[in-house]
Amino acid sequence: MAVTESTSLLKGSDPTLSWRLLFYVNVFFSCVSFSIILPSLQPYLSRNGASAYFYGLTVAIYSVGEMVGAVAFGKVYESLTVRYEGGAKTTLLMCIGLGIVGSALYVAGDIFGSPYMIMWGRMLQGLWTGGKQVVEQTYLSETAPPDRVTELTSELGTFAILGFVCGPSFGALFTSIDVNLGNGLILDAYTAPGWFILALCVIIFGVVCVSFKPEPAPSFEGVSRVDGGLRKLGGGGNNTFERSYTMDSGGAASGGGSSALSPPNEKGLSVLLLLFIVHFFSFAVQETITTPFVLQAYDWTQRDVNLLFVGVGIVSLVTSVGVKYATRCVDDYHLLITSLLVGLFGSLMLIDSFPGWGGSQVLPVGRFFLGFTLITVAFPFGRNVSLSVFSQILGPTPQGEWFGWMFAAGAVPRIIGPSWSLYALDIACKLEHMDCFLGGRTWLEFSVTGGLFAVGVAAAMAYKNDLKPYGE
């Protein structure tokens, strides 16, 4: 039987325009909340009596919160949107509410001299960020026209990545603030970022309440619930589009007579989870080691580092715009392979020299720039295309819980990556029985990263047929 989604985009009407700007601003500032805090977090905790170990725990717990929030709110989204059309809005408001509470705890920690309040505040902010990304990506994937999912995911990803990159720049605006407001309330370079995020959360909460009017998610006529459920065909909304799937008696995508859709291709979904982890691991390594490495290896100033990250923002923006237009002439599978190859070559460029091979023990600055640029290109490229292909494999299956697991997978490398990346530079020196100097040795760090990209390429090629859209 043919299972057909209700047809036709209304002429002259774009179903995405009503929520695009809201989502883009929201995702940008939620990702700013991660990176705006990092430069000031250690001294902020220290003045409230925290140890260096507690600082590491507080950094990691944000990503733990992000991972838990992704899975939990993916389930909540799926449950609420099946019940009523406003489920997406309710779930998004719940996420932002946690951001408000977390930000309030973060600034209250200084008033009460409690590093634990700061730590739990960061965890709640992580829950907000993880949940919000899942809600927005799932809503996009379920309501946007199929031929625009990759393009719109690229746009959304652009603002997420720019949020991560631009956060420290926002934080720099507060470095000259130092005002004692009395009663233990101090507004300075350490607390101002927290107040900034708190104010933004309150504003965004109000804007979502007033302006976000979810479109009904497309669903399918005469289809029973499978593995968590497929929505029955409802009103379909004013802006709907057509997808057609044909099922056989066993639920497979061919001709037959069952009313149930088959579950999505789990092999393909598993491969994409792996690729997502690879790209996020590379990103975690890059954001962790870049500053300490270039300060020591090339004797750069903090101004030089800031300019480098401004460049990262520009490259990320150009890459995401490029992906948007590339989707119009290149299929998603080849874009996915390209992102992995770019990451692989970037990692190879960042290897200084292997033990016993001779050559410079310090990575030449020219190779650093080339490798750094390629890695910077690979992350938004691979992240955005992976999300789009993931959505296409899911097809008509409700996507909230699946995207929850995908963003949770992306959070794992950001929990373990920072610790590994800093130790790897030092371990490489010890393996060569030499003193570490000038930032450490990079061959171990980027051999591992390059190896992960190579595994990703092999997996994507081996399971190419499992990466096709649902029903093909």
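This is a predicted model: local features need pLDDT of at least 70, side-chain atom pairs count only at pLDDT 80 or more; totals for chains, interfaces and linings use all residues.
Trainee: What makes up the secondary structure of the protein chain, and how many of its residues count as buried?

Mentor: The protein chain has 13 helices and four strands, and of its 472 residues 55% count as buried. Among contacts between residues at least 6 apart in sequence, 78% join residues at least 24 apart.

Trainee: Which residues touch the most other members of the largest nonpolar core?

Mentor: That core has 114 residues, and those touching the most other members are Phe 23, Val 208, Phe 212, Leu 272, Tyr 298, Phe 368 and Leu 467. Helix H8, which covers residues 266–297, gives the most to this core, with 14 residues. As for Val 208, leaving aside residues up to four places away in sequence, Val 208 touches Leu 22, Lys 89, Leu 92, Leu 93 and Ile 96.

Trainee: Why is Phe 112 called exposed?

Mentor: The word exposed is kept for a relative accessible area over 50%, and Phe 112 has 62%, so Phe 112 is exposed. Its place is in the loop between helix H4 (87–111) and helix H5 (115–143). Together with Ile 111 and Trp 195, Phe 112 forms a nonpolar patch on the surface, with about 310 Å² of accessible area.

Trainee: Why is helix H11 said to be largely enclosed by the rest of the structure?

Mentor: Of the 30 residues of H11, 22 are buried, so the helix is largely enclosed by the rest of the structure. H11 runs over residues 365–394 and reaches 43 Å from its first C-alpha to its last, close to the 44 Å expected at 1.5 Å a residue. After H11 comes Gly 395, whose phi is positive, near 55 degrees.

Trainee: How do you know that Glu 155 and Arg 20 meet in a salt bridge?

Mentor: A salt bridge asks for a side-chain nitrogen of Lys or Arg within 4 Å of a carboxyl oxygen of Asp or Glu, and the N to O value for this pair is 2.8 Å, so the pair qualifies. The pair links distant parts of the chain, with Glu 155 in helix H6 (residues 149–172) and Arg 20 in helix H1 (residues 17–35), 135 residues apart.

Trainee: Why do Glu 155 and Arg 20 count as buried?

Mentor: Buried means under 20% relative accessible area; Glu 155 has 10%, so Glu 155 is buried, and Arg 20, at 16%, therefore counts as buried too.

Trainee: What makes Glu 66 and Arg 414 a salt bridge, and are these residues buried or exposed?

Mentor: Their side chains meet at 3.0 Å, N to O, and the cut-off is 4 Å, so the name salt bridge applies. Glu 66 lies in helix H3 (residues 52–83) and Arg 414 in helix H12 (residues 400–431), 348 residues apart, and the pair links distant parts of the chain. Glu 66 has a relative accessible area of 3% and is buried, while Arg 414 is buried with 4%.

Trainee: Where do Lys 132 and Glu 136 lie?

Mentor: Both lie in helix H5, four residues apart, about one turn of the helix. In general, an α-helix has 3.6 residues a turn, so residues three or four places apart point the same way. The side chains of Lys 132 and Glu 136 meet in a salt bridge at 3.6 Å, N to O, and both residues are buried.

Trainee: How many salt bridges does the structure hold?

Mentor: The structure holds seven salt bridges.

Notes
Residues are numbered from 1 along each chain as its sequence is written. Side-chain values use heavy atoms; hydrogens and water are left out. A nonpolar core is a set of buried Ala, Val, Leu, Ile, Met, Phe, Trp, Tyr and Cys residues joined through side-chain atoms within 4.5 Å. Buried means under 20% relative accessible area, exposed over 50%, partly exposed in between (1.4 Å probe, protein chains only). Helices (H or I, at least four residues) and strands (E, at least two) are DSSP runs, numbered from the N terminus. Contact means heavy atoms within 4.5 Å. Patches are made of residues with over 30% relative accessible area and no salt bridge: like charges are joined within 9 Å, nonpolar side chains (Val, Leu, Ile, Met, Phe, Trp, Tyr) within 5 Å. Accessible areas come from the Shrake-Rupley method with a 1.4 Å probe; for residues, only the protein chains shown count as cover. The expected span of a helix is 1.5 Å times one less than its number of residues.
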